[in-house]
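Here are some friendly notes to keep beside you on a first walk through this structure. Take the points in any order you like.

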Amino acid sequence: MHEDLLLFNSIVDELLFQEKENPVPDPVKAKELYEKIDLSLPENPTITSEFSKALKDLVLKTPKTASNRFFNQLWGGRNSKAVLGDLLAVMLNTSMYTYKVSGPQTAVESEIIEKICKMIGYSNHSGGTFPTGGSMSNFMALIMARDKKDLEIRNSGVIKTMVAYTSFESHYSNAKNASFAGIGRENLRYIPTNNKGEMIPEKLEGCIKKDIQKGLIPFYVNATAGTTVLGAFDSVKELSNICKRYELWLHVDGAYQGAVVFSPKYKSLLEGIEHSDSFSFNAHKMLGTPLTCSLLLVNEKQNLFNSFNNEADYLYQTHSDNYNLGKTSFQCGRRNDALKFWTLWKAVGTKGLSNIVEYLFETSKIARNYVRNNPNYTLYNDDHSLSICFNYKEFEAKELCTKLYYAKKLLVAYGSFKGEEFVRFVTINAENKETDILNFFKILEEFVEENKLSLQKRTILKVS
Ligand SMILES: *Cc1c(COP(=O)(O)O)cnc(C)c1O
């Protein structure tokens, strides 16, 4: 073990150095890269020096998601206190299903869940769990909603036609989840959004009424707190009133920007959250913990038990249900995703978490102001988003992003909203400074200047 830890340290030292020197690795074609690195699995053991070399090579040729040129996804950077917790979780190698094998780690998980439930104003019977990610959080919420409508479904399966609602801008996991849950993709309704990308409550209500008239059974609304492309917030308050009126479960998918709950300044974006039935967010997005760290909070914990509890004599042999977290989780064996969040929170305090959130909004403001104040840019979204969606001059976003990648300049992606395609610049790495943000635009502008003759022009939609 000792020897491998020394190797680990030496590889990580080199990685941290290269991240600065060489922030975007050579974008070699997949097939070529596979052949370049010694990935073959041999019959006989590999000698130590070759093993170390192959491993180092593999690590250094992997895209560097913590560098100051990575803006491609809704996560990035590396919070060292959280990394510390995750490394220790690997060393401890517990599984979170029982107190018997995870001991105080169950308390680590429960402490985080209780604290957040209090912060959002959930009931005294609230609870939660750490699912594998935001997609799974959405799935578990959907299952609880389905079972709450009719507990017998757990035995009989879905017999009547049940209908779920989400917005056009919501995460794609909603469609898959409707299929997994036996609801059916065709029974997931996509509600239109306003020009900011927020679900229109009146359209939702109209749709629910129509479905009831048809004899169908509406049961679930998935609201988004930070949509995947624009970073828009649905109005939890208005949607919760509709859900109360028609007895629908309201889940708030805050995978992207739900961590605003930690900031006194921005938590009003979740106004009405205490009236939701469940809420999820990914600490590996805004808070910068390693992947994955997703939390699902539930206003009435009993719903988690109802849908996910199952007796298993070979597993649950000591302690009560409150300490055996497998009774409220989807998986059996489950990674300790809580410890990395706990080490971060313990180290920086709730104030520190709030600082991270507010700092990210500061950096997004720098980027947004740059775009707003420069006539060569067109901005497509509003404040309160860490995604800055823009087009530069008349150039096509898709090709620009791809060419920036192949030229080893920047990792950034494109998105679209109501038929317009644009660059989605994500300012979610809390280690980035103002200079890193401004450097993004400088690199992009210089690249366009040097390559403008070979770049595609976009078709500009007429605004009516
Ligand atoms: C990222 C994201 C998800 C999915 O989370 P995973 O952890 O990647 O499964 C769900 N919803 C929204 C709004 C997201 O941005």
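1. Let us begin with Ile 159, which sits in the loop between helix 8 (153-156) and strand 3 (162-167). Please keep in mind that this is a predicted model. Is Ile 159 buried or exposed? Its relative accessible area is 70%, and because the cut-off for exposed is over 50%, Ile 159 counts as exposed.

2. Next, have a look at the backbone of Asn 93. Asn 93 is not a glycine, yet its phi is positive, at about 45°. As background, most residues other than glycine have a negative phi. You will find Asn 93 in the loop that runs between helix 4 and helix 5 (99-102). With a relative accessible area of 66%, Asn 93 is exposed.

3. Lys 408 belongs beside that point. Phi of Lys 408 is positive too, near 65°, and this residue is again something other than glycine. Where is Lys 408 placed? Its place is the loop between helix 14 (397-406) and strand 11 (411-417). Lys 408 has a relative accessibility of 29% and so counts as partly exposed.

4. One peptide bond deserves a check as well. The bond joining Leu 291 and Thr 292 is cis, with omega at about -15°. For context, most peptide bonds are trans. Thr 292 lies in the loop between strand 7 (278-282) and strand 8 (294-298).

5. Now for the ligand. Which residues come nearest to the ligand? There are 14 residues around it, and the nearest are Gly 134, Ser 135, Asp 253, Asn 282 and Lys 285. By type, the shell around the ligand holds three nonpolar, nine polar and two charged residues.

6. Asp 253 places a polar side-chain atom 2.6 Å from a nitrogen atom of the ligand. For Asn 282, a polar side-chain atom is found 3.0 Å from an oxygen atom of the ligand. Lys 285 has an N or O atom in its side chain that is 2.9 Å from an oxygen atom of the ligand. How much of the ligand does the protein cover? On its own the ligand has 380 Å² of accessible area, and the protein covers 84% of that.

7. Helix 1 contributes the most, with eight residues. Sorted by type, the lining has 16 nonpolar, 13 polar and seven charged residues.

8. The second largest pocket has a volume of about 450 Å³. It is lined by 19 residues, of which Ser 110, Glu 114, Ser 126, Gly 127 and Lys 301 are the closest to its centre. Two or more residues of this lining come from each of helix 6 (104-119) and strand 2 (127-129). Helix 6 supplies the largest share, eight residues. The lining of the second largest pocket divides into six nonpolar, nine polar and four charged residues.

9. Finally, how many cavities of 30 Å³ or more are found in the whole structure? The search gives one, and the volume of the largest cavity is about 30 Å³. Its lining consists of Asn 138, Phe 139, Leu 142, Asn 174, Asn 177, Leu 188 and Tyr 220. Helix 7 (134-149) and helix 9 (173-180) are the elements that give two or more residues to this lining, and helix 7 has the largest share, with three. Four of the cavity's lining residues are nonpolar and three are polar, with no charged residue.

Terms used: Residues numbered from 1 in each chain as written. Predicted model: local features only at pLDDT ≥ 70, side-chain atom pairs only at ≥ 80, totals over all residues. Heavy atoms only, no water. Near = heavy atom within 4 Å. Polar contact = N/O pair within 3.5 Å; in protein donor to acceptor, adjacent residues only side chain to side chain. Areas by Shrake-Rupley, 256 points an atom, 1.4 Å probe, with all protein chains shown as cover. Nonpolar A, V, L, I, M, F, W, Y, C, P; charged D, E, K, R; others polar. Helix = DSSP H or I, 4+ residues; strand = E, 2+ residues; numbered from the N terminus. 1 Å grid on protein atoms, 1.4 Å probe; cavity = no way out; pocket = protein on both sides within 12 Å on 5 of 7 lines; lining within 4 Å. Points joined across faces, edges and corners; volume = space filled by probe spheres on them. Buried < 20%, exposed > 50% of the residue type's maximum accessible area, 1.4 Å probe, protein only.
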